[in-house]
Amino acid sequence: MKVLLRNPKREIEVPGGRSVNRLLDDLELSREAHLIIRNGTLVPGDTRLDDTDVIEVRPVISGG
Amino acid sequence: MTAQPSRCRSCKAPAVIDLPRHNANFCAEHLVQLCNRQMIKAIADFDMFSRADRLLVAVSGGKDSLAVWDMLIESGYQADGLYIGLGIGEYSEDSGGYVQRFAHERNLHLVTIDLREDYGYDVPTAAVATKRVPCSACGLSKRRLFDKAAVDGGYDAVVTGHNLDDEAAVLFGNTLRWEVDYLARQLPVLEARDGFPKKCKPLVRLTEREMAAYCLVRGIDYVVEECPMAAGNRHLGYKEALNAIEKQSPGSKSAFYLNFLSKMAPLLDGQSAAAQGEVGECERCGAPTTGDVCAFCRLVEKSGTHEAVPVEMVLKKHRRRH
């Protein structure tokens, strides 16, 4: 599946067949600091992701 | 066997978000309801304002300030917006665009101030002129101009989008250093006094993740990119540390901050410099200050006479440091 990351903006390819929480753990990203948007829709941590999905990993922490 | 998708705690529809601190999942509709309820509870618990008051919301183009403006309007409050153009290159141009579109689409009144046009400097220039980190000049400028705009415009209160993560991180930093003066002032409401307007933070019961999710499900477009000047700042480090604790023990951030307010803040009442009557008037602009000339007037004097500094120059220096 295609995974879009921010700060800096980049795109990586990751095999599907894992949950949202597992994806964040594998990318070493905090669950509390990110949201996952699958094919344009916000999804919870136990959602199973497929090879064909387009995933946006959206950081939510701001430094102000 | 296929796992059942998470269901909303309220209506059992498919969930869009899991919130471990509530030990629950929520659909879009009930997430919005949860956010609104938490904001209304904060407004009531801390006696912030009523629907008869005129509010000035400090908007940056980020998720928190646009979300709080949206939630206030949806809940029937009278709220105008105030945006300050900070001159941080493309980031400021983008942020301003999000704010303008948000206000225009909802037919809301937006007041705009531009640091360069109105005061002769911008944040990158101020950082170089004062030899301090950009966040220092940025924060000082915003605080002073929000106060001034609220007083000049006759607003009853300034509203900011500070959320639970922001407040917990500041509390963490102030506690690490036992900054008693700052701790005594770290309240969700600061009453109007000596030329300062009333200041309120209605999002103190909501996390950053909840606010970002609120914006997504409400279709609020906001600037997702982090301010390039903020990268690596101390505040972000505190947030990361608190999130590591939160992962192990959901609800810790909320307990840390909200229990500070209920148990510790009353013990610190009267400990701030302002409460001890040490605030006078700036001899140049009349703003409240503890010195003869306020920090903002000194900043304008130093930065306004300095040659304009391109944002890239400050970023290059900043990247070397981090």
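The buried residues of α1(B) pack against β1, β2 (24–26), α2 (63–74) and α9 of chain B. Buried means 20 or more other C-beta atoms within 10 Å of a residue's own, with C-beta atoms placed from the backbone. Helices (H or I, at least four residues) and strands (E, at least two) are DSSP runs, numbered from the N terminus. This is a predicted model, in which local features need pLDDT of at least 70, side-chain atom pairs count only at pLDDT 80 or more, and totals for chains, interfaces and linings use all residues. Residues are numbered from 1 along each chain as its sequence is written.

Which residues of α1(B) are buried? They are Ala28(B), His30(B), Leu31(B), Leu34(B), Cys35(B), Met39(B), Ala42(B) and Ile43(B). Just after α1(B), Asp47(B) has a positive phi of about 50°.

The largest nonpolar core holds 92 residues. Such a core is a set of buried Ala, Val, Leu, Ile, Met, Phe, Trp, Tyr and Cys residues joined through C-beta atoms within 7 Å. Among those with the most contacts inside this core are Leu31(B) and Val57(B).

Chain B also touches chain A. Contact means C-beta atoms, placed from the backbone, within 7 Å. Chain B gives 27 residues and chain A gives 20 residues. These elements of chain B each supply at least two residues of its side:

| Element of chain B | Residues |
|---|---|
| β1 | 17–19 |
| α9 | 208–218 |
| α10 | 234–248 |

Conventions
Chains lettered and ligands numbered in written order. Contact = placed C-beta atoms within 7 Å. Buried ≥ 20, exposed ≤ 12 C-beta atoms within 10 Å, placed from the backbone.
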